[in-house]
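Hi there,

Here is the structure I promised to send over. Have a look at it first, and then read on for what turned up among the charged side chains.

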Amino acid sequence: RTFGGGTKLDIGSDTRPTLTVLRPSTEELDQGKAMLMCLANKGFPSDWSLAWKVDGRSSGSNWEETKSPGVVGKDGLYSWSSTLKLPVDQWQKVVSVTCEATQGSQTLVSEILRRDQC
């Protein structure tokens, strides 16, 4: 892979990102929205996709998902994020939220946030 200035980047194999799920802040909950963020750090290549599961389900009618494009670091690895917004009344019934990263046939990477640990 060669970038603009002719810098050759040799990263052998696919690299699984590290996932971190951030819980909603008290301020957001007071405003009636629960916003969770999933941060994926140091993955390669850039086509990993992030997906959410709430109590094992893949989507809900009143969920809002927003994904950010990948940003490449000096080490040639990518970082990106996804946010999930839920109504507070739904968040209060949730047991666990899972962020999953998948890429081609790569092994799934997942991170679980349990609401009772918030």
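Let's start with Asp-75 and Lys-42, whose side chains form a salt bridge with N and O 2.7 Å apart. By salt bridge I mean a side-chain nitrogen of Lys or Arg within 4 Å of a carboxyl oxygen of Asp or Glu. Asp-75 sits in the loop between strand 5 (71–72) and strand 6 (78–87), and Lys-42 in strand 2 (residues 33–43), so this pair ties together parts that are 33 residues apart in sequence. Strands here are DSSP runs of E, at least two residues long, numbered from the N terminus.

Please keep in mind that this is a predicted model: local features need pLDDT of at least 70, side-chain atom pairs count only at pLDDT 80 or more, and totals for chains, interfaces and linings use all residues. Residues are numbered from 1 along each chain as its sequence is written, and side-chain values use heavy atoms, with hydrogens and water left out.

Both partners are partly exposed, Asp-75 at 34% relative accessibility and Lys-42 at 45%. The cut-offs are under 20% relative accessible area for buried and over 50% for exposed, with partly exposed in between (1.4 Å probe, protein chains only).

Glu-100 and Lys-53 also meet in a salt bridge, at 3.6 Å from N to O. Glu-100 is buried at 15%, whereas Lys-53 is partly exposed at 26%.

Lys-67 pairs with Glu-65 at 3.4 Å, and Glu-65 is partly exposed at 35%.

Best wishes

Terms used. Helices (H or I, at least four residues) and strands (E, at least two) are DSSP runs, numbered from the N terminus.
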